[in-house]
Amino acid sequence: MVIGCGAPPLGKGQDKPLEEDEQRLWSTVAEEEKRLDQSGLLYGDQAVTGYLNEIMRRISPPETTSGLFAVEVLVLKNPLLNAFAYPNGKIYVHTGMLARIENEAQLATLLGHELTHATHRHAIQELRGARRSGVALGVLRMIAIPFGLFGLAATSLGTIGYMGAVTGYSRAKEAEADQEGFVLMVKAGYSPQEAPKLFEHLKVELAFRKVDEPFFFGSHPHVQERIESYRSLLESQYAGQGGDIGTERYDAAMMPLIIDNAETDIAIGRLSLAERDLQRVLQKNDDNARAHFLLGEFRNRKEPGDAERRDEHYRQAIDRNPRMPDPHRALGYSLLKQGDRYGGQAELQKYLELAPRAPDRAYVEQALKESR
């Protein structure tokens, strides 16, 4: 018997082993996941991943703990907008997506959507219906080029990851993921009013970035469809209903990730995105030394007034955390360039004191020697 579109979700009356083609699919998924796990792209902050999985447990129905399923949320170090699910319950979310989400209710909306793709077996249904062609992968390689390593990372996902991460599923399956995921987040006590806000926010984000990204949630048409879908659900079933939002909890858990993602954006030259996110962090917590330091790094553009603002951010970072080495080094080099020999030497000496095994120690010692 071939399982069709009316097959029960995993864990609901599905006690029999998977059909042969679905077993092959799961074997393929295991290989794709292994490549991802070995890629060096997994975000390793256990506090962040622990928090995400806590929210996933809150919204997951009891049947998703069945033997077939191993629901888990993992994070990929990628500043582009995306999230996708594998059929076995593994859900991957980009740091760029998490940096854009504003609260726990919006996170629950996204996770519920992706979880439904897995529980409702959308991947095998899609592959049985109309398989993706090799031409699509060629198109992906072309559109990913402007995003360098992070865009081309999509081409290493494999067939199943590509379907979930880049093309998405049919409109009917995406609508089902919206509806069923929406039910999950509302049952968990979250405010349904936040569901469309997530995608409205992403729509604004895409306009700010001025280009569609090579992933499902980085494409304006897909985001617009999600907005319309959630608005329809909200108006028909949950008008006026409130619930938990969880902004403070989300901020507290995600600030380290937002800073890490901003640092990546600085490294690849997306400075306006990085500056906005770092300012967001400081609006919540002005004592964050690393955010001040990175704003100083952002000011290394040689534009009018940058030098003064850069050094002020370095000093702010030192004031917030005098034991943090990097601001001392950065300020030291800046002062030497401005002709402040003694001030620069003092900061570089402090850097070496705080980081005695620094990998650039020889370069710093040479700078000190030359300054004398």
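**Note on the predicted model**

1. The sheet. Three strands make an open sheet, ordered S1-S3-S2, with mixed pairing. Strands S1 (72-76) and S2 (83-85) stand at the edges; each has a single partner strand, so one side of each lacks a neighbour in the sheet. From one strand to the next, the twist averages 20 degrees. Keep in mind that this is a predicted model.

2. Pairing and cover. S1 and strand S3 (residues 90-94) run in the parallel sense, paired over 5 bridges. Look at Leu 76: its bridge partner in S3 is His 94. Helix H2 (residues 46-59) lies across S1 and S3, at about 140 degrees to S1.

3. The cores. The largest nonpolar core holds 85 residues. Leu 52, Val 93 and Phe 182 are among those with the most contacts inside it. Helix H12 (residues 247-267) gives the most to this core: 9 residues. Another core lies apart from it, with 8 residues, including Leu 348 and Ala 355.

4. Phe 182. What does Phe 182 touch, leaving out residues up to four places away in sequence? Its contacts are Ala 177, Pro 192, Ala 195, Tyr 230, Leu 233, Leu 234 and Tyr 238.

5. Arg 226. Beyond its neighbours within four places in sequence, Arg 226 contacts residues including Glu 174, Asp 178, Phe 199 and Phe 216.

6. Side chains of opposite charge can pair when their charged atoms come close. The model has 28 salt bridges. In one of them, the side chains of Glu 194 and Lys 197 meet at 3.1 Å, N to O. Both sit in helix H10 (residues 194-209), 3 residues apart, so about one helical turn separates them. Glu 194 is buried at 5% relative accessibility, whereas Lys 197 is partly exposed at 38%.

7. Salt bridges between elements. Asp 251 and Lys 284 meet through their side chains at 3.0 Å, N to O. Asp 251 lies in helix H12 and Lys 284 in helix H13 (residues 271-284), so this pair ties together parts 33 residues apart in sequence. Asp 251 is buried, at 8% relative accessibility. The side chains of Arg 320 and Asp 287 also form a salt bridge, at 3.7 Å, N to O. Here Arg 320 is partly exposed at 25%, and Asp 287 is exposed at 53%.

8. A network. Salt bridges link Arg 100, Glu 205, Arg 209, Arg 276 and Asp 277 in a network.

Note on methods: Residues are numbered from 1 along each chain as its sequence is written. This is a predicted model: local features need pLDDT of at least 70, side-chain atom pairs count only at pLDDT 80 or more; totals for chains, interfaces and linings use all residues. Side-chain values use heavy atoms; hydrogens and water are left out. Contact means heavy atoms within 4.5 Å. Two strands pair if DSSP finds at least two bridges between them. Helices (H or I, at least four residues) and strands (E, at least two) are DSSP runs, numbered from the N terminus. Axes are lines fitted to C-alpha atoms, for helices over the stretch in contact, and angles run from 0 to 180 degrees between N-to-C directions. A nonpolar core is a set of buried Ala, Val, Leu, Ile, Met, Phe, Trp, Tyr and Cys residues joined through side-chain atoms within 4.5 Å. Buried means under 20% relative accessible area, exposed over 50%, partly exposed in between (1.4 Å probe, protein chains only). A salt bridge is a side-chain nitrogen of Lys or Arg within 4 Å of a carboxyl oxygen of Asp or Glu.
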